[in-house]
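Hi there,

Here is the structure I promised to pass on. Have a look at it first, and then read my notes below.

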Amino acid sequence: MAQLFPKMGEIKELKVQLTPGEYQLLYFLNDELDSSYEIYFQPFINGDHPDIVVMRKGSGIWIIEVKDWDLSAYKVVGEWLWELRNQNGKVKSPVSQALQYKNNLFSWHIEGLLEKKIEAPNSFSMIHYSVYFHCAIENEARQFVKRESRRDEGYFDIWGRDSLTKEKLQQLLTHRWLNRTSYYFTEELYHKFVRCLKPSEHVMEIGKEVSRSGQTCGKCT
């Protein structure tokens, strides 16, 4: 079992409750990952709050954006934007949102990380990003995201509700080097991430006001 921050009892007391997708993915990862992995639920990182961040000392970081969206309610209008069909409202592409969290870690949140990327461009791969679509199967979600014609295709993973298997998880961990030793993810860097990701007592007292946007799928629980 992984190390979960905050603890599940504290997560359930937050002002904004878990969506069904967050609940299912969080429990799956917590059960399937061993204690060398740390799972951070909605860490507040200087204004950014990704849904789930998985970290393994000596290996790297995995940012996961979770969406309980009914994909039939959306259409893709660009690499960065989707649009709600019936409301004519635009929302940021979930993949672009996850990538932005990664870029911000390098550019703003972790001291020395941008310099490391400049000195060793391959170090950019020690932070991986994915999107989990709870109301879609993996192939459906993949085909939908392909409509964006993204330039970073191949650098992220798309999961659906049928992706939550031990075999699929191990494949991703191996492919993204999250179960092996990384030359770039040093102990010094690990401790910088710990300080950045761990929830403060103040956050736990008041809970986090996290925006829930998008058309959800009511039948997926």
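A polar contact here is a pair of N or O atoms within 3.5 Å, where one must be able to donate a hydrogen and the other to accept it. Please keep in mind that this is a predicted model.

With that in hand, let's start at Glu148, which sits in the loop between helix 5 and strand 9 (156–160). Its side chain makes a polar contact with the side chain of Trp82 at 3.0 Å, and another with the side chain of Ser93 at 2.8 Å. Glu148 has a relative accessible area of 5%, so it is buried. Leaving aside neighbours within four places in sequence, Glu148 is in contact with Val76, Gly78, Glu79, Trp80, Trp82, Ser93, Val95 and Ser96.

Next comes Ala136, in the loop between strand 8 and helix 5 (138–146). Ala136 counts as buried because its relative accessibility is 0%. Beyond the neighbours within four places in sequence, its contacts are Leu71, Ala141, Gly160 and Arg161. Asp162 lies 26 residues from Ala136 along the chain, and their C-alpha atoms are separated by 8.2 Å.

Finally, helix 7 (residues 187–197). Which of its residues are buried? They are Leu189, Tyr190, Lys192, Phe193, Val194, Cys196 and Leu197. The cover over these buried residues includes strand 2 (37–41), strand 3 (52–56), strand 4 (60–67) and strand 8 (127–133), along with helix 3 (94–109) and helix 4 (113–119).

Best wishes

Key: Residues are numbered from 1 along each chain as its sequence is written. This is a predicted model: local features need pLDDT of at least 70, side-chain atom pairs count only at pLDDT 80 or more; totals for chains, interfaces and linings use all residues. Side-chain values use heavy atoms; hydrogens and water are left out. Buried means under 20% relative accessible area, exposed over 50%, partly exposed in between (1.4 Å probe, protein chains only). Helices (H or I, at least four residues) and strands (E, at least two) are DSSP runs, numbered from the N terminus. Contact means heavy atoms within 4.5 Å.
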